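Let's take a friendly walk through a protein model with two chains to compare. Keep the view beside you and find each residue as it comes up.

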2 protein chains.
Amino acid sequence: MTHESDLSALKDHLRTIDDLRRAASVLHWDQATYMPPGGAAARGRQLALLGRVAHERLTCSDVGRLLDALTPWAEAQGADSDVAALIRVTRRDYERATRVPAAFVQRLNEHTAASYHVWERARPANDFAAVRPLLETTVLLSRELAAFHPGYAHPYDALIDLAEDGMTVAAVRTLFAELRAGLVPLIDAIRARPEADDRCLRGNFPEAAQQAFGERVIRAFGYDFARGRQDKTAHPFMTKLGRGDVRITTRFRGDDLSDGLFSTLHEAGHAMYEQGIDDALDGTPLFRGTTSGVHESQSRLWENLVGRSLPFWHHWFAPLKAAFPGALAGTDVDTFYRAINKVAPSLVRTDADEVTYNLHVMLRFDLELAMLEGTIKVADLPEAWRARVRSDLGVAPPDDRDGALQDVHWYAGIVGGAFQSYTLGNIMSAQFFAAARRDLGDLDAQIGAGEFGPLRAWLTERIYRHGRKFTAPETVRRATGEPMSIGPYLAYLNTKYGALYGL
Amino acid sequence: MTHESDLSALKDHLRTIDDLRRAASVLHWDQATYMPPGGAAARGRQLALLGRVAHERLTCSDVGRLLDALTPWAEAQGADSDVAALIRVTRRDYERATRVPAAFVQRLNEHTAASYHVWERARPANDFAAVRPLLETTVLLSRELAAFHPGYAHPYDALIDLAEDGMTVAAVRTLFAELRAGLVPLIDAIRARPEADDRCLRGNFPEAAQQAFGERVIRAFGYDFARGRQDKTAHPFMTKLGRGDVRITTRFRGDDLSDGLFSTLHEAGHAMYEQGIDDALDGTPLFRGTTSGVHESQSRLWENLVGRSLPFWHHWFAPLKAAFPGALAGTDVDTFYRAINKVAPSLVRTDADEVTYNLHVMLRFDLELAMLEGTIKVADLPEAWRARVRSDLGVAPPDDRDGALQDVHWYAGIVGGAFQSYTLGNIMSAQFFAAARRDLGDLDAQIGAGEFGPLRAWLTERIYRHGRKFTAPETVRRATGEPMSIGPYLAYLNTKYGALYGL
């Protein structure tokens, strides 16, 4: 009885924290979609306030007392039980939150908000000097934040662990080194072949038709518009505003088909993960995707493993052509398939193809660790970036706009802990997809018939419904029966691009 | 120094309350515009939480202590000073809020939310029996709420005072009786004349063209889209999400021009009031329009006194005709002017013309007082409504859908205190307009030239910029030099409709 009422008290408390965070998500969504320019100042203050109130409620001593009272009882239910996971994950959040003084959180938030506003103007102006002093402070604050979390092998393990529970610098380095050893020969082999022709992706693609086609595809995937919606924004994202309200955003270019389409499939992948979580976890810290990396595995799985596959387009190319009869006249499905999978080293991560994408991530991971460790000074970052792009990708950034200024992450948050999740997501996406293929029979035939139900059911059963109950490594092991490995990902890339480029 | 720091502490505290309320307004706006169906349950909980947190902060004893410490000092600055008004209005809010137990507030909110959900289905189904027990509870709760505020001459003065500071049942009754004595002969005289022809308002009016035309007009009025926006909704409203973010909503019918157009002008009137408040009042309880009645005076002024006037259409009819060349071919400005001012008794308040509108308000005011006083039972309301509509308007509601079920107010809030503001707004709109005409020279010529700057500047100087500093009666006296009176309103109606109907 005492445990039941303690659990109920804890859940009530956690639900108010969740409601405050979802309310903040509504404000964020509006800021990124419809808010008029005049709304910016008040909105920043409203968001800071909701964040502060949620943080106060999470770090209040009642939470610690209830967790202590409930732990032995919860553990006795078995590690896989909802209640054991709830106590375990809530304790992790609580301890992390209480370790960091509220005054530091406020200082960090104010600094990153100011830094973001300067970056917004500095990037188009190619003005690294404007952000340099702010980024220097961000590096110092990131080190300070790491220092609040002692007990890790590498001091910056703490920062990675915040985004990617259970992941370490050493583990990421090992995975990345293996992956690089596999990617470089593939990229070199592709470079020796004739360049793919992607001109069919440029032309006149009216925005309304792009939106209608994208929505048709993601409806077929299983994204539920009764519990979500899609709006336009500058930098697409997915957000969850409540149990039955998981929204995606996208952007369209009237002269380019691929940007809007693949961004739509990507965000729908994130959203189906959130829509697939067991409702029994609603209102608790378990009611979201487990880590950034696993989340990214789901967006990339639907965007790339499904959406850039040949079977997918055997089904969808005819409707696509019907939607854009002018621009795609004379293009056949094989030409289109080669175009959307063209491999070419480029300057900007978000424009990169599947094969070279991870080199962009690795250079960021190495450079941010070097800044944190002090082996690269912020003042030297632009030149270090250029040198690394030249040596890794064989192209030379003409400016910082498409160099060290291109990603928002370091200018709107801490340095350290974000980028590795993109590549972990790629790796896991292929491992999950291979396991699904093993379990589901002829997955290509299903996708080629426009049938996504079995795949989505598999993902829901193995991944989605568990929310944040398990860490990324646990999720991989439970879903695939194997530890996390780059094998399936390299096999996927070698097979697909071997066929595309006749290697 | 102590007063300065107390004032600063009070303002910081009030700003967090304001930010919480504006955050809730974002959630409300989203709920009424874009939220998918699945979002409803979580949204209701998020709104209740933000309301509760704001209420906790307003009723905390720090506020009382700071108000006590600041009152003599603030009063010494003069009653018209910002600081005296701030202390006066905050004390009113604080005392009202602390008089009502938090448990009662929660009970009332839960009840009205439940009642609203039942009404939403009961109105289209014409099912008064479904809402009857809920409305009976609402009457009881409304009496209970009134009882928390003793010291008024009539027990339900408290409820009116909540919406309309300084207004009483007796004062409203007197005004309404005088107004009725003036309206009834006018309506009878109009009835004796041939019916106006408003067929030109029905036809094919494409929604996009309606929206573009409405936005063009309200931009000319002075509504600032850089600090606002317009979206579609089921029941149009205006909302303020922050200092630079005052939004309006509207709805369109593709076969009817007047609903969307006049709703747009109406909401823009509310919004310009909010956009015109002095920024020095931001973050305090003074940073909004003073009462519901004064707010309504501004929406009705722009909608009716300006937007349904002949000079206005002398300027705007040509652009309107250009926007709808098909539907308005063969219609001239005089025919159009007569159509938009057609007087005809009707069943639904929101469809009523300017002249009969107030009879709708008066019957609601009398019926809700009768329910509160217990002289009419809720079970007898539908029949009492029908009898009153027959005797006042000469038409007979065929059902409760367009009878006692038609307005949301009693089903989504308390009984008592809301309806009188609509007629007070009409009365004040004409009084303000007459004073502006006196001060601005040839106002008709300005409006006929599409020039709204002088009128908006006058309203800003006399009304808008003061926010909530002064009550409605004070606002009227300061803006017009006279006490509130129905004279200008009856003169306006008699002159306008006398000319229109050749009386």
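A salt bridge is a side-chain nitrogen of Lys or Arg within 4 Å of a carboxyl oxygen of Asp or Glu. By that rule, eight salt bridges are counted between chain A and chain B. Before we look at them, a word on how to read the model. This is a predicted model, in which local features need pLDDT of at least 70, side-chain atom pairs count only at pLDDT 80 or more, and totals for chains, interfaces and linings use all residues. Residues are numbered from 1 along each chain as its sequence is written, chains are lettered from A and ligands numbered from 1 in the order in which they are written, and side-chain values use heavy atoms, with hydrogens and water left out.

## Where the chains meet

How many residues of chain A are in contact with chain B? Taking contact to mean heavy atoms within 4.5 Å, 37 residues of chain A touch 37 residues of chain B.

The size of an interface is often given as the accessible area lost when the parts come together. Buried area is that loss for two parts, found with a 1.4 Å probe and summed over both. Here chain A and chain B bury about 2700 Å² between them, and 58% of this is on carbon and sulfur atoms.

The interface also has 12 residue pairs in polar contact, both residues being at pLDDT 80 or more. A polar contact is a pair of N or O atoms within 3.5 Å; within protein, one must be able to donate a hydrogen and the other to accept it, and residues adjacent in sequence count only if both atoms are side-chain atoms.

Which elements of chain A give two or more residues to the side that touches chain B? They are helix H1 (2-33), helix H2 (40-58), strand E2 (238-242) and strand E3 (245-250). Helices (H or I, at least four residues) and strands (E, at least two) are DSSP runs, numbered from the N terminus. This side of chain A is made up of 16 nonpolar, seven polar and 14 charged residues. In that count, Ala, Val, Leu, Ile, Met, Phe, Trp, Tyr, Cys and Pro are nonpolar, Asp, Glu, Lys and Arg are charged, and the others, Gly among them, are polar.

## Some salt bridges in detail

Side chains of opposite charge can pair when their charged atoms come close. The whole structure holds 100 salt bridges over all chains, and the table gives a few of them.

| Residue | Partner | N to O distance |
|---|---|---|
| Arg247(A) | Asp30(B) | 2.7 Å |
| Glu56(A) | Arg57(B) | 3.8 Å |
| Asp245(A) | Arg43(B) | 3.7 Å |
| Asp282(B) | Arg15(B) | 3.8 Å |

Are Asp245(A) and Arg43(B) buried or exposed? Buried means under 20% relative accessible area, exposed over 50%, and partly exposed in between (1.4 Å probe, protein chains only). Asp245(A) is buried because its relative accessibility is 1%, and Arg43(B) is buried at 1% as well. Their pair crosses between chains, from strand E3 of chain A to helix H2 of chain B.

For the other pair, Glu56(A) is partly exposed at 41%, and Arg57(B) is partly exposed at 22%.

Now find Asp282(B), in the loop between helix H10 (258-275) and helix H11 (292-306) of chain B. Its relative accessible area is 10%, so Asp282(B) is buried. Leaving aside neighbours within four places in sequence, Asp282(B) is in contact with Arg15(B), Asp18(B), Arg243(B) and Phe287(B).

## Aromatic rings

A pair of aromatic rings is described by the distance of the centres and the angle of the planes. Rings of Phe, Tyr and Trp (its six-membered ring) pair if their centres lie within 6.5 Å; planes under 30 degrees apart count as stacked, over 60 as edge-to-face and the rest as tilted. Over all chains, 47 aromatic pairs are found.

One of these joins Phe213(A) and Trp316(A) edge-to-face, at 5.9 Å centre to centre and 90° between the planes. Phe213(A) lies in helix H9 (residues 207-221) and Trp316(A) in helix H12 (residues 310-323) of chain A, so the pair ties together parts 103 residues apart in sequence. Both residues, Phe213(A) and Trp316(A), are buried.

Another pair, Phe317(A) and Phe336(A), is tilted, with 5.1 Å centre to centre and 40° between the planes. This pair links helix H12 to helix H13 (residues 333-340) of chain A, 19 residues apart. Phe317(A) and Phe336(A) are both buried.
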